[in-house]
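Hello,

Here is the structure we discussed. My notes on its helix contact and aromatic rings follow below.

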Amino acid sequence: MRTSTFSLTSLPLFLLFFFFFFTLKAITAKNLIPETCKKCAQDDPNLSYKFCVTSLQAAPKSSSADVRQLGIISMNLIRHNMTSTRQHIKHLLKNKKLEKFLRAYLEVCLELYSDAIPDIKQALRSYKAKQYRDANVRVTAVYDAPVTCEDGFHEREGLVSPLTKRNNDAVQLSAVALSIIDMLGSLGFKLI
């Protein structure tokens, strides 16, 4: 029985190509998050590179995502943060012994976060539909909610925000999403 020389010699070459291709793809996917976050942090000096990398890497499916998918992941992280913070504010407001100014600012924050949740949902729909301009506008509105919330607590001397970390996280996540939307625009995707 005669065995084809071509198949015996091409098998190791095929296996080498197969291994190289998937190793390269894994390396590229593995490096995509740090490279994307590096670009995001360069574009926005208020964005923490470490926060960006840690947040995106913690998300399921991020290790195999492309830049566009990282945008979706970042908006899902914002939505989760907004929803969780809104629930946290509701929990804080159940305390009957809250100082009246603290209660007032928490109520403002509750309204801001409640209004931001539909915005991030619409931003995600727009982003998926490649309507990047609308996604940008919506994420910018979401970005403003935690900033306005946190600023309110600083208006009254001695008042400490119980939401500082959550507000900062929302701002950082929004900055990541905005940077990715802008990156897609600079890659030739239209901000329609």
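**Aromatic rings and a helix contact**

Tyr105 counts as buried because its relative accessibility is 18%; buried means under 20% relative accessible area, exposed over 50% and partly exposed in between, with a 1.4 Å probe and protein chains only. The model is predicted, so local features need pLDDT of at least 70 and side-chain atom pairs pLDDT 80 or more, while totals for chains, interfaces and linings use all residues. Residues are numbered from 1 along each chain as its sequence is written, and side-chain values use heavy atoms, without hydrogens and water.

The whole structure holds two aromatic pairs (rings of Phe, Tyr or Trp, the last by its six-membered ring, with centres within 6.5 Å; planes under 30 degrees apart are stacked, over 60 edge-to-face, the rest tilted). Tyr105 and Phe153 have ring centres 5.7 Å apart and planes at 50°, so this pair is tilted. Tyr105 is in helix H4 (residues 100-128) and Phe153 in helix H5, 48 residues apart; helices are DSSP runs of H or I, at least four residues, numbered from the N terminus. Phe153 is buried, at 0% relative accessible area.

Tyr127 and Tyr132 pair edge-to-face, at 5.4 Å between centres and 80° between planes. Both Tyr127 and Tyr132 are buried.

Two arginines sit over rings (CZ of Arg, or NZ of Lys, within 6 Å of the ring centre and within 35 degrees of the ring normal). Arg68 is 5.0 Å from the ring centre of Tyr127, and Arg156 is 3.4 Å from that of Phe101.

Regards

Conventions. Helices (H or I, at least four residues) and strands (E, at least two) are DSSP runs, numbered from the N terminus.
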